[in-house]
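Please look through the sequence and the model shown below. The paragraphs after them go from a single residue to the whole chain and then to its parts.

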Amino acid sequence: MPADRPAQPGRAPRGASAARAAAKAATATGPAATGAAPTGAAPAVEVRRSTRRRRTVSAYREGDRTIVLIPARMTKAEERRWVTVMLDKLAAQESKRTLGDDELAGRAQRLSRQYFGGRARPATVRWVTNQNTRWGSCTPAEASIRLSHRLQGMPEYVVDYVLLHELAHLIVPGHGPDFWRLLEVYPRTERARGYLEGVVAAGRLPVPPASGEEAAADAE
């Protein structure tokens, strides 16, 4: 996955539509939100209302689900807002911890089961430090996936997107329509592409000179 071309403009409208639909499904509450998420669905979010809660909202991971605890008196609009806030907070907390190679491989297997029905089976998944122009790469013949160390510290959903991008290559080697259809099931595809595009754009900005350099320039 080239670092300077994280998004595919021609596929953006379709991806954005899929992301909105998946995000809407992710905030479902009640019985439909319980249990394992179906293949290709967004990560399950279960909202639990409590009459004992007055103001506090909390959230935690439970397997492949996220449990959000809110006061019973909250409106549906408040519920949706707080689910988004808590998902972002959890992602921020988790992104502070760098995954090791073993954890990264386990994450790839979980993502494959969740979004691709387990069809992508990587033999190895690891961080590498020699990919400065690509976010990730895949060798289908060896079922090996490599992620650039520059992704470490980025939000979890961004790392997941790059992992899914490379996992998809184990099913469809090229970047044709079938490949991009696979990635449409990930609800944060468009957001992750935007984040990576922002990183690339920021890297192209000129670096402001230090104060000493400015003084030297003026003296000349």
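Is Asp 88 buried, partly exposed or exposed? Asp 88 is partly exposed, its relative accessible area being 28%; the classes are buried for under 20% relative accessible area, exposed for over 50%, and partly exposed in between, with a 1.4 Å probe and protein chains only.

Some conventions come next. The model is predicted, so local features need pLDDT of at least 70 and side-chain atom pairs count only at pLDDT 80 or more, while totals for chains, interfaces and linings use all residues. Residues are numbered from 1 along each chain as its sequence is written, and side-chain values use heavy atoms, with hydrogens and water left out.

The chain contains seven helices and six strands, where helices (H or I, at least four residues) and strands (E, at least two) are DSSP runs numbered from the N terminus. Read from the N terminus, the order of elements is α-β-β-β-α-α-β-β-β-α-α-α-α. The chain has 220 residues, and 43% of them count as buried. Its accessible surface is about 12,000 Å², with 53% belonging to carbon and sulfur atoms; the areas come from the Shrake-Rupley method with a 1.4 Å probe, and for residues only the protein chains shown count as cover. Among contacts (heavy atoms within 4.5 Å) with a separation of 6 or more, 54% are between residues 24 or more positions apart.

Three strands form an open sheet in the order 4-6-5, with mixed pairing; two strands pair if DSSP finds at least two bridges between them. Strand 4 (124-128) and strand 5 (136-139) are the edge strands, each pairing on one side only. On average, neighbouring strands of this sheet are turned by 20° against each other, direction ignored. Axes are lines fitted to C-alpha atoms, for helices over the stretch in contact, and angles between N-to-C directions run from 0 to 180 degrees. Five bridges join strand 4 to strand 6 (residues 144-148) in the parallel sense. Arg 126 has Arg 146 in strand 6 as its bridge partner. Helix 3 (residues 101-116) packs on the sheet, where it touches strand 4 and strand 6, and its direction makes about 130° with that of strand 4. Helix 4 (residues 156-169) lies across strand 4, strand 5 and strand 6, and runs at about 150° to strand 6.

The loop between strand 5 and strand 6 holds Ala 143. Most residues other than glycine have a negative phi. Ala 143 is not a glycine, yet has a positive phi of about 55°. Ala 143 counts as buried, at 15% relative accessibility.

Which residues have the most contacts inside the largest nonpolar core? They are Phe 116, Leu 147, Leu 151, Tyr 161 and Leu 196, in a core of 33 residues. A nonpolar core is a set of buried Ala, Val, Leu, Ile, Met, Phe, Trp, Tyr and Cys residues joined through side-chain atoms within 4.5 Å. Two or more residues each come from helix 3, strand 4, strand 6, helix 4, helix 5 (177-183) and helix 6 (189-203). Helix 4 gives the largest share, nine residues. There is also a second, separate core of eleven residues, including Val 47, Ala 59, Val 83 and Leu 87.

Charged pairs are the last topic. Eleven salt bridges are found in the whole structure, each a side-chain nitrogen of Lys or Arg within 4 Å of a carboxyl oxygen of Asp or Glu. One of them joins the side chains of Glu 156 and Arg 61 (3.6 Å, N to O). Because Glu 156 is in helix 4 and Arg 61 in strand 2 (residues 58-62), this pair ties together parts that are 95 residues apart in sequence. Glu 156 is buried, with a relative accessible area of 16%, whereas Arg 61 is partly exposed at 33%.

Glu 156 also forms a salt bridge with Arg 107, at 2.7 Å from N to O. Here helix 4, with Glu 156, is linked to helix 3, with Arg 107, and the two residues are 49 residues apart. Arg 107 counts as buried at 14% relative accessibility. Through shared partners, salt bridges join Arg 61, Arg 107, Glu 156 and Asp 160 into one network.

Asp 88 forms a salt bridge with Arg 188, with 3.4 Å between the closest N and O atoms. Asp 88 lies in helix 2 (residues 76-95) and Arg 188 in the loop between helix 5 and helix 6, so this pair ties together parts 100 residues apart in sequence.
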